[in-house]
Amino acid sequence: MSSAAEDEVVLPTNPLDEIPPLTTKVLTTEEDKVAALKLVADSIAQQRQFAARSIIFHPITIAGYILILAIVSQLLYKTRKDIGVVATTSAGVTMACLIAIRGLTSGYLNLAEKFNWTFVQNEDGEEDTIIGSRYGEELIGACILRLERNGNGGGKKKAKSGKIGGKGIVRAWTTRIKYRGNGVGTELLEEAVRVTREKVGNSAEIGFAAEHANSTMILPEFFNGGFRKREARAAKALEGVIESMDTGSKKKR
């Protein structure tokens, strides 16, 4: 006769149960808002690495580097015994170039250090809306949204939806590096569009601020091609989110 314990059927556990949920919503606590601002500040500092790569792999830099090595070789190489001297000098030149690039891009660290709470406050002291994406307990994405409401003389201008008219301006948008490319940024933009339309009307426009958190470029313009492409991709991503949400809204009707 079997015991009750032997008759129990052990159901297999669902491996998905161990995966923390991803939630994207407006942040309300000061602790969460500070964490979001830190995430944005980190993204500003990380631009230093991108800027350094832009310099190193730029055709002008490569051509100049090759020219310097050619001059060094021409001046120092006389016989085969000079190979060691040429190699050592070339290594020194390479190190000097990397130090120079490090100095040229250090401005991004200064910008990150100066980034603080005043960024999310307008002239009247009103705070921007800060949206965060959380993976379990970890904040992995942040979006800073400023809502600008239309004024009509001393009163408020109503949109067709009955909400106050205006627009939403995305002033910062970032995801922690290891989570990029997984749709977190898209969820942040979707929430930004939803909040904008909820607060100022379905006809509200939404776009990126010209002077967003990552807009400052400290290098000469010919090194900023990669940054311009990133901005264009971000604008295109926002357009895609708006189009997708508009299409989904029409289908529901």
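**I206 and its surroundings**

I started by asking what I206 touches, skipping residues up to four places away in sequence. My list reads L145, G168, V170, A192, V193, T196, L238 and I242. This is a predicted model, so I keep in mind that local features are read only where pLDDT is at least 70.

I placed I206 in strand β7. Is I206 buried or exposed? I noted 15% relative accessibility, and since buried means under 20%, I206 counts as buried. I also looked at L238, which lies 32 residues from I206 along the chain. Their C-alpha atoms are separated by 8.5 Å.

**The sheet**

Next I traced the sheet that holds β7. I found an open sheet of 5 strands, in the order β1-β2-β3-β6-β7, with mixed pairing. Which strands stand at the edges? They are β1 (22–26) and β7 (205–208); each has a single partner strand, so one side of each is left without a neighbour in the sheet.

I then followed β6, residues 166–175. With β7 it pairs in the parallel sense over 4 bridges, and I169 has G207 in β7 as its bridge partner. On the β3 side the sense is antiparallel, and 9 bridges join β3 to β6. There I144 stands opposite A172 in β6. I also checked how covered β6 is: 8 of its 10 residues are buried.

**Helices across the sheet**

Which strands does α6 lie across? I wrote down β1, β2, β3, β6 and β7 for this helix, residues 184–200, and it runs at about 30° to β3. Helix α2 lies across β2 (129–135), β3 and β6, and its angle to β3 is about 95°.

**The cores**

The largest nonpolar core has 17 residues, and V40, F115, I130, I144 and A213 touch the most other members. The most come from α2, with 6 residues.

Neighbours within four places in sequence aside, it contacts L37, V40, A41, I44, I144 and A213. A second, separate core holds 14 residues, and I206 turns up there, along with C143, V170 and L189. My note on the background: in soluble globular proteins, nonpolar side chains tend to be buried together.

**α2 against α5**

I then turned to α5, the helix of residues 107–114, which packs with α2. I noted an angle of about 175° and axes 8 Å apart. That makes α2 roughly antiparallel to α5, because angles over 145 degrees count that way.

Which residues meet here? From α2 I listed A41, I44, A45, Q47, R48 and A51; from α5, Y108, L109, L111 and A112. Sorted by class, this contact has 8 nonpolar, 1 polar and 1 charged residues.

**A last stop at A91**

I finished with A91, which has its place in helix α4, residues 83–105. Its relative accessibility is 46%, so A91 counts as partly exposed. I looked up L69 as well, 22 residues from A91 along the chain, and found 9.6 Å between their C-alpha atoms.

Conventions:
Residues numbered from 1 in each chain as written. Predicted model: local features only at pLDDT ≥ 70, side-chain atom pairs only at ≥ 80, totals over all residues. Heavy atoms only, no water. Core = buried A, V, L, I, M, F, W, Y, C linked by side-chain atoms within 4.5 Å. Buried < 20%, exposed > 50% of the residue type's maximum accessible area, 1.4 Å probe, protein only. Helix = DSSP H or I, 4+ residues; strand = E, 2+ residues; numbered from the N terminus. Contact = heavy atoms within 4.5 Å. Pairing = 2+ DSSP bridges. Axes fitted to C-alpha atoms, helices over the stretch in contact; angles between N-to-C directions. Parallel < 35°, antiparallel > 145°, perpendicular 65-115°, else oblique. Nonpolar A, V, L, I, M, F, W, Y, C, P; charged D, E, K, R; others polar.
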